[in-house]
Amino acid sequence: MLTQAVRLVLLATVVVATPPLSVPCPVAPAGVGRITGHVRDTAGQTLAGAQVVVVGTRFAAVTDRTGAYAIASVPEGAYSVRAMYIGYAPLEVHGIRVKTDSTTSADFTLQAASANVAAVVVTAVPATAAKMAEVASRLALGDAQQGVVQFYRHRREPWNTEEYGHKDENQFLAVSAHPLSTFSIDVDRASYSNVRRFLLGGQAPPVDAVRLEELVNYFPYDYAEPTGDDPVAIHTELGGTPWKQGHQLLRIGLQAKRVAVAGLPASNLVFLIDVSGSMDEPNKLPLVKSALTMLVNTLRPQDRVAIVVYAGSAGLVLPSTAGDQKSRILAAIDSLEAGGSTAGGAGIKRAYDEAVANFIRGGNNRVILATDGDFNVGVSSDGELIRLIEDRRKTGVFLTVLGFGMGNLKDSKMEQLADH
């Protein structure tokens, strides 16, 4: 019988109005252009999730599901641009010229890497020099450019300030003494992507970064939908456990009704974007901008978007704007730059104010927070932030928390915000 409660991580919350913080809106720098294009393989297949970087700068983007990318606000000049994708040899193109208020096209065709990697058995032993040599000799990596073997040490590197909340291992409980099991029908998948990031980097993930229900829920199961007035359909499967004879394992799958995108209610979205100095890395703010650009392209005229940013203080970059004014919304996203400390609490307050002021009755009213979670100015302690979220979750505005980057990711803080 299931005894673990399935926890929710990306959950709801929201706001009451507080006096707005007055901050000048960022202005796009003069003399900048865009670089756009596609990344494909030699067979012509598009590569979604490929990273494209302007060499020697902080400008970068990640390709969407069509293999397309866009790098905005690149200062005028000549650059080398590199495209990279796991399993493929990186490709660098030189002499790409960016002109003011113009778009430069640069397409990439990546060739599959020829490295063959043998099976590796990972064991919990100290990473001695002899053990490193033994495992490395079993990897068919070819020359040194084909790969690097890394060993995860459970002592944190000095530069790494990532934080994860402590997770207790669930114990077996006797059904006779504990006949009731509860679980949430909300789903989060964040842990899977984070664990995958560690593994692809050749490291074992920290123990507390592994949340099993999020790994299980990452995958679609194609369950049948509910019928009639039932809110969910329940699917069960019972079988013997492979590790303990006489024990049985029950899987419970829930499926809510699938809603066609065309039938979704109007959305009132507030993008709450961390533009502090810690976000000034290719896999942080540039990736946020690429992701939000993809979302904006799906908006309808009845949808609305506002943009609030926070660094040393918080400000409204774009007031609530109709979804068909895409050029105005995209220009505001392109203008964002990172720098300063992180007043996260002030940003959350300002975003909720904007969401409540433009509330759509019966619609999807949501604050979308994009950050590495490194709040260090003003309301920043876990307790203060949780009380702030709890105080504002009765207004009908929901909160989605998206974590970006690595090295200083504050997973524990972001998880608590979403939970409350």
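**Charged pairs, sheet and cores**

Student: How accessible is Glu 92?

Tutor: Glu 92 counts as partly exposed, at 28% relative accessibility, where buried means under 20% relative accessible area, exposed over 50%, and partly exposed in between (1.4 Å probe, protein chains only). Please keep in mind that this is a predicted model, in which local features need pLDDT of at least 70 and side-chain atom pairs count only at pLDDT 80 or more, while totals for chains, interfaces and linings use all residues. Residues are numbered from 1 along each chain as its sequence is written, and side-chain values use heavy atoms, with hydrogens and water left out.

Student: OK, and which residue forms a salt bridge with Glu 92?

Tutor: The partner is Arg 82, and the closest N and O atoms of the two are 2.8 Å apart; a salt bridge here is a side-chain nitrogen of Lys or Arg within 4 Å of a carboxyl oxygen of Asp or Glu. Arg 82 is partly exposed as well, with a relative accessible area of 26%. Glu 92 sits in strand 6 and Arg 82 in strand 5, so the pair links parts of the chain 10 residues apart.

Student: How many salt bridges does the structure hold?

Tutor: There are 8 in the structure. One of them joins Asp 372 to Lys 284, with the closest N and O atoms 3.1 Å apart. Asp 372 lies in the loop between strand 14 and helix 7, and Lys 284 in the loop between strand 11 and helix 4 (285–296), so this pair ties together parts that are 88 residues apart in sequence.

Student: Are those two buried or exposed?

Tutor: Asp 372 is buried, with a relative accessible area of 0%, and Lys 284 is buried, also at 0%. Another salt bridge brings together the side chains of Arg 300 and Asp 303, at 3.0 Å from N to O, and both of these residues are buried too.

Student: How many bridges join strand 2 and strand 5?

Tutor: Strand 2 (residues 51–54) and strand 5 (residues 77–84) pair in the antiparallel sense over 4 bridges. Gln 51, for example, has Met 84 of strand 5 as its bridge partner.

Student: New topic: which residues touch the most other members in the largest nonpolar core?

Tutor: That core has 26 residues, and Leu 272, Ile 348, Val 367, Leu 399 and Leu 417 touch the most other members; a nonpolar core is a set of buried Ala, Val, Leu, Ile, Met, Phe, Trp, Tyr and Cys residues joined through side-chain atoms within 4.5 Å. Helix 6 gives the most to it, with 4 residues. A second, separate core of 25 residues includes Val 305, Ile 307, Leu 330 and Leu 336.

Student: And how covered is helix 8?

Tutor: Helix 8 (residues 411–419) is mostly covered, with 7 of its 9 residues buried.

Methods: Pairing = 2+ DSSP bridges. Helix = DSSP H or I, 4+ residues; strand = E, 2+ residues; numbered from the N terminus.
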